[in-house]
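Please read the following points with the structure open beside them. They begin with a single residue and then widen to the sheet and the whole chain.

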Amino acid sequence: MSTSLNTVRKVVILGAAGRDFHNFNVVFRDDPRYRVVAFTATQIPDIEGRTYPPELAGDLYPDGIPIVDESELKDLIHREQADVAVFAYSDLPHEQVMHLGSRCIAAGADFWLQSARSTMLTSSRPVIAVTAVRTGVGKSQTTRYLSRILRDLDQKVVAIRHPMPYGDLAAQACQRFETYADLDRHETTIEEREEYEPHIDNGSVVYAGVDYEQIIRQAEQEADVVLWDGGNNDLPFYTPDLHIVLVDPLRPGNEETYHPGEANLLMADVVVVNKCDSARPEDIEAVEHTVRRLNPRARIIRADSPVTVEDVSAVAGKRIICIEDGPTLTHGSMSYGAAVVGARAAGAAEIIDPSPYAVGSLAYTYAKYSNAVGILPAMGYGAAQVSDLEATIEATIAATGADAVVSGTPIDLGRVLRVSKPLVRARYELREHAPGGLEAAVREVLERPVTTQSQVGAATR
């Protein structure tokens, strides 16, 4: 379908309730040359059927913008006579991205991938961004590690987390979390708690939400340094002064076959090869070879993510159910995580497969992500899924006589789940092979002349 230069172009944004909203806010919201007719949704359950609210959509969209399931994409493009389809979510194989592109092109819409530069906002504070080439590489422990470095350097750090707006979008425009009471007040899901609690435990304030222009301006009021805590393998929302990208030798080759993870790798200042304590030496070497080939200017740092189980006696010699971070097992495509590593190290006699006893949404998750079979993904995007998770655990205990549950999520699941057997946490932290590498990179950013940044935290106070 052709359009003249004076014609308003109709746009569909393909997303998963995060990057899609951000791209709209930054690029399309106030531009009369475009009319966003719909968002599509995937990856996250129960997003479709809602509306991006007019309070966030702006003056050009007094009725808001509908959110529909991605399965309706072809019909949507035809029905709305859309001119452009914008891909705006993360952690898909390159091939799958282009399959989506082909569907859009065949339906009559141009297919756009927007660049980091066109969608990143700038900050008056130094920004250290932590991203990855895949979901589940270890961003969480890396951001905690960097936060401690910054605190030791007398910097007030504020973390800003990639969006997870699963509730009332208008109410979630800009959220600030400093205490567990804040988590309860905002009725956060398990997935949100997995990302926010570790920052709170680390003594940092964390912001998240939907409107990341509003978020950064509020965060700047109390931050010396902004720590961007990326989601999946998405690009940063803010222009980084230091871009740290994690790669995973447990999934060698993925660093150049997933979108937009490869773009992160190409932009990286520092590449952390994580989980070296669990990976084969030849896979570590292979990943580093790819990094040097694609981004020879990047500094490479090797790191481990050692796992410790809080109560070894509850695990040793016992039959165990393992719960892992949900996204790591779903679109992250891993088949195990910290819980399995910790349980095995603690001497578990058996890791029980809970999939035959899955209830409700958990049964659907196993059907969609067969790689997760054998482990229990901590799906908790709402109260119903938390209930299904509890019911699945109890059904597995009743059927198998499991002795305990080991949780490899970054949070204390005992705050949101009630189970009849001991719930044991498996914790993990980042450990550099050569200590001081990340601190040196951080110091370089903090020591740059003030003229290279709009302001530099404490140096301007």
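**Note on the predicted model**

1. Aspartate 248 lies in the loop that links β13 (242-247) to β14 (258-259). Helices (H or I, at least four residues) and strands (E, at least two) are DSSP runs, numbered from the N terminus. The model is predicted, so local features need pLDDT of at least 70 and side-chain atom pairs count only at pLDDT 80 or more, whereas totals for chains, interfaces and linings use all residues. Residues are numbered from 1 along each chain as its sequence is written, and side-chain values use heavy atoms, with hydrogens and water left out.

2. Is aspartate 248 buried or exposed? It counts as buried because its relative accessibility is 1%; buried means under 20% relative accessible area, exposed over 50%, and partly exposed in between, with a 1.4 Å probe and protein chains only.

3. The side chain of aspartate 248 reaches the backbone nitrogen of leucine 250 at 2.9 Å. A polar contact, also of 2.9 Å, joins the side chain of aspartate 248 to that of arginine 251. Such a contact is a pair of N or O atoms within 3.5 Å; within protein, one must be able to donate a hydrogen and the other to accept it, and residues adjacent in sequence count only if both atoms are side-chain atoms.

4. Apart from neighbours within four places in sequence, aspartate 248 is in contact (heavy atoms within 4.5 Å) with Val133, Gly136, Val137, Lys275, Val287 and Met334.

5. An open sheet of nine strands has the order β10-β11-β9-β12-β8-β13-β15-β16-β23, with mixed pairing. Its edge strands, β10 (174-177) and β23 (431-432), each pair on one side only. Two strands pair if DSSP finds at least two bridges between them.

6. Within this sheet, β8 (residues 127-132) and β12 (residues 225-229) run parallel and are joined by four bridges. Alanine 129 stands opposite tryptophan 228 in β12. Helix α6 (residues 139-152) packs on the sheet and touches β8, β9 (157-161), β12, β13 and β23. The direction of α6 makes about 160° with that of β8, where axes are lines fitted to C-alpha atoms, for helices over the stretch in contact, and angles run from 0 to 180 degrees between N-to-C directions.

7. The chain has 16 helices and 23 strands. Of its 461 residues, 59% are buried. Among contacts in the chain with a separation of 6 or more, 79% involve residues 24 or more positions apart.
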